[in-house]
Amino acid sequence: KKLNSLNGLQNLPNLAYVCSQYCDLYDTSGLENCSNLYYLYVTGNSNLTTLNKLENSNKIAYIYANNCALGKNENSEESSSEDALCSIKNLGTLQYINLENNDLKRVEYLSGLSNLNNLYLLANENHLKTSLSYFYGLL
């Protein structure tokens with residue numbers, strides 16, 4: 001049986017690196033108290049629909065979340081606090097995000113990430129429906 005939850009890691013506030021690729025994660029719950037998290041690698045979790053509970057990860061610089069199901073449960077017409085990228089919208093330390101091969105519909109949460117210098121959105125069939133004006137400040 002594959003790892004399907006990160007619960008329990010919330011008791012490790014000094015955790016800096018999490019690599020849980022090709023597991024069976026559905027979300028990133030369990031990382032809510034990991035304020036020293038710097039590197040998150042959750043590639044290949046085919047049931048991972050949201051990067052939730054990362055609001056306190058104010059040192060994070062790298063997120064690899066490609067080949068997942070991020071955005072699968074999103075509404076393309078209306079934003080929600082449950083959207084896949086909502087919890088990372090204020091993480092100004094982010095420099096690199098790989099979100100390739102997901103189902104993202106809403107990417108405006110990335111517009112305020114002023115330190116972001118690498119963003120990969122390839123093969124998100126629905127992200128083109130979101131106005132690219134959100135990225136004006138990043139370009």
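A residue counts as buried if its relative accessible area is under 20%, as exposed if over 50%, and as partly exposed in between, using a 1.4 Å probe and protein chains only. By that rule, 46% of the 139 residues of the protein are buried.

This is a predicted model, in which local features need pLDDT of at least 70 and side-chain atom pairs count only at pLDDT 80 or more, while totals for chains, interfaces and linings use all residues. Residues are numbered from 1 along each chain as its sequence is written, and side-chain values use heavy atoms, with hydrogens and water left out.

**Stop 1: the whole chain.** Show the cartoon. The protein has five strands and zero helices; here strands are DSSP runs of E with at least two residues, helices are runs of H or I with at least four, and both are numbered from the N terminus. Along the sequence the pattern reads β-β-β-β-β.

**Stop 2: the sheet.** Select the five strands. They form an open sheet in the order β1-β2-β3-β4-β5, with parallel pairing; two strands pair if DSSP finds at least two bridges between them. At the edges are β1 (17–19) and β5 (118–120), each pairing on one side only. On average, neighbouring strands of this sheet are turned by 5° against each other, direction ignored; the axes are lines fitted to C-alpha atoms, and angles run from 0 to 180 degrees between N-to-C directions.

**Stop 3: β3 and β4.** Select residues 62–64 and 96–98. These strands, β3 and β4, run parallel and are joined by three bridges. Which residue of β4 is the bridge partner of Tyr 64? Select Asn 98 to see the partner.

**Stop 4: the rings.** A pair of aromatic rings is described by the distance of the centres and the angle of the planes. Rings of Phe, Tyr and Trp (its six-membered ring) pair if their centres lie within 6.5 Å; planes under 30 degrees apart count as stacked, over 60 as edge-to-face and the rest as tilted. The whole structure holds 10 aromatic pairs.

Select Tyr 17 and Tyr 39. Their ring centres are 5.7 Å apart with the planes at 45°, so this pair is tilted. Tyr 17 lies in β1 and Tyr 39 in β2 (residues 39–41), so the pair ties together parts 22 residues apart in sequence. Tyr 17 is exposed, at 53% relative accessible area.

With Tyr 39 it makes an edge-to-face pair, 6.2 Å centre to centre and 70° between the planes. Tyr 41 is partly exposed, at 22% relative accessibility.

Finally, select Tyr 17, Tyr 38, Tyr 39, Tyr 41, Tyr 62, Tyr 64, Tyr 96 and Tyr 120: ring pairs link them into a cluster.
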